[in-house]
Amino acid sequence: MFRFVSSLLLLSLLTLVKTNEDTSTTKLRTLIEQLQQEVVEIKNQVSSASRCSCQEFIEEDGYILAFRMVAGIGDKGYSVFVDENRDDDLPLVRAVTPCECRSNLTDCNRHYRGSILRYWSRLAIQTVKLVVYKEGQAKQYVVFNGTGSTYSNWMSPTRLVESSWVDLKSSKTNFFSTTGDVGLKRRFYMNHVYNGCSGDSGWLVVKDETDDCGYAKPSGVKYPLILYSPSFSLVQYQSAAIDRADSLAVWVKLSGVNSLKAVCQN
């Protein structure tokens with residue numbers, strides 16, 4: 001197709017040369033070269049988009065990405081998580097999604113809500129893993145038993161299997177769920193205790209909007225805000241020990257399924 005378009009352009013320009021003797025041959029040749037280069041660039045863009053759309057799911061170590069929240073982009077992450085009408089795995093959505101959002105977790109400017117969340121109750125979900133990322137690296141993780149769960153209740157202390165936070169399993173919590181503190185809208189909340197803003201302590205909290213406490217409404221920082229403990233144990237949020245993550249991801253492992261990667265058709 002591209003060769004055909006190029007041939008038509010070349011023929012039109014050569015005809016123009018014959019009918020307009022005053023036209024500069026040098027300028028025409030330059031124009032032809034520019035047009036041919038544009039055709040090549042368009043062809044490369046289409047080819048790149050096709051390669052990108054072939055991989056329907058992001059997989060890692062036997063897990064499949066179900067949800068990704070990106071910090072600081074001005075789009076409420078929890079709202080995307082609970083939006084049951086959103087499916088970023090639809091062909092049209094994938095076609096307009098930048099390749100970097102399909103190939104990794106950090107170089108992206110949008111959240112991702114996969115079809116796994118939509119069909120969660122119909123799938124044989126065995127394990128759920130929550131991972132916190134910063135600068136392209138996984139910093140903390142929590143693994144849950146996903147058997148018989150829903151997309152909204154898997155994050156629970158009763159389902160906790162293991163975590164990089166060594167005290168998470170043995171410590172008391174007042175909030176431990178994706179819903180979190182509904183009144184203060186603190187989501188994906190793993191909190192130990194409330195003791196005034198300066199004494200609030202825990203492991204993880206996501207904020208999509210302003211909060212009563214200063215640590216959850218830092219100046220000059222766009223939401224979503226993902227605060228996490230970078231150590232092996234809980235920390236006070238309003239202290240130098242807390243850190244900000246770049247993204248948060250929910251991965252699932254399906255029983256009896258090794259891979260969901262689509263095969264590219266030529």
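Trainee: Is Phe-81 buried or exposed?
Mentor: This is a predicted model, and that should be kept in mind throughout. The cut-off for a buried residue is a relative accessible area under 20%. Phe-81 has 0% relative accessibility, so Phe-81 counts as buried.

Trainee: Which kind of aromatic pair do Phe-67 and Phe-81 form?
Mentor: Planes over 60 degrees apart count as edge-to-face. The search of the whole structure finds 13 aromatic pairs. In the pair of Phe-67 and Phe-81, the centres lie 5.0 Å apart and the planes are at 70°, which makes the pair edge-to-face.

Trainee: How many residues apart in the chain are Phe-67 and Phe-81?
Mentor: Phe-67 belongs to strand E2 (residues 63-70), while Phe-81 belongs to helix H3 (residues 77-81). The pair therefore links distant parts of the chain, and the separation is 14 residues.

Trainee: Which kind of pair do the rings of Phe-67 and Phe-188 form?
Mentor: Phe-67 is buried, with a relative accessible area of 0%, and Phe-188 is buried as well. The ring centres of Phe-67 and Phe-188 are 6.1 Å apart and the planes are at 5°, so this pair is stacked.

Trainee: How many residues does the largest nonpolar core have?
Mentor: The residues with the most contacts inside this core are Leu-130, Phe-144, Trp-154, Phe-188 and Met-190. Leaving out residues up to four places away in sequence, Trp-154 touches several others, including Phe-81, Leu-130, Phe-144, Phe-188 and Val-250. A second, separate core has 11 residues, Tyr-215 and Leu-227 among them, whereas the largest has 36 residues.

Trainee: Why is strand E4 described as largely enclosed by the rest of the structure?
Mentor: Strand E4 spans residues 125-134 and has 10 residues. E4 is largely enclosed because the number of its residues that are buried is 9 of the 10.

Trainee: Which residue of E13 stands opposite Leu-130?
Mentor: E4 is joined by 8 bridges to strand E13 (residues 247-254), and the two run antiparallel. E4 is also joined by 8 bridges to strand E5 (residues 137-145), again antiparallel, and there the bridge partner of Thr-127 is Asn-145. In E13, the residue opposite Leu-130 is Val-250.

Trainee: Which residue in the turn between E4 and E5 has a positive phi?
Mentor: E4 and E5 form a hairpin, with 2 residues between the strands. The residue in the turn with a positive phi, about 55°, is Glu-135.

Trainee: How many residues apart in sequence are the parts that the pair of Glu-209 and Lys-76 ties together?
Mentor: The side chains of Glu-209 and Lys-76 meet in a salt bridge at 3.3 Å, N to O. Glu-209 lies in the loop between strands E9 and E10, and Lys-76 in the loop between E2 and H3, so the parts tied together are separated by 133 residues.

Trainee: Which other residue forms a salt bridge with Glu-209, the closest N and O atoms being 3.7 Å apart?
Mentor: The partner lies in the loop between strand E7 and E8, and at 37% relative accessibility it counts as partly exposed. With the closest N and O atoms 3.7 Å apart, this partner of Glu-209 is Lys-185.

Methods: Residues are numbered from 1 along each chain as its sequence is written. This is a predicted model: local features need pLDDT of at least 70, side-chain atom pairs count only at pLDDT 80 or more; totals for chains, interfaces and linings use all residues. Side-chain values use heavy atoms; hydrogens and water are left out. Rings of Phe, Tyr and Trp (its six-membered ring) pair if their centres lie within 6.5 Å; planes under 30 degrees apart count as stacked, over 60 as edge-to-face and the rest as tilted. Helices (H or I, at least four residues) and strands (E, at least two) are DSSP runs, numbered from the N terminus. Buried means under 20% relative accessible area, exposed over 50%, partly exposed in between (1.4 Å probe, protein chains only). A nonpolar core is a set of buried Ala, Val, Leu, Ile, Met, Phe, Trp, Tyr and Cys residues joined through side-chain atoms within 4.5 Å. Contact means heavy atoms within 4.5 Å. Two strands pair if DSSP finds at least two bridges between them. A salt bridge is a side-chain nitrogen of Lys or Arg within 4 Å of a carboxyl oxygen of Asp or Glu.
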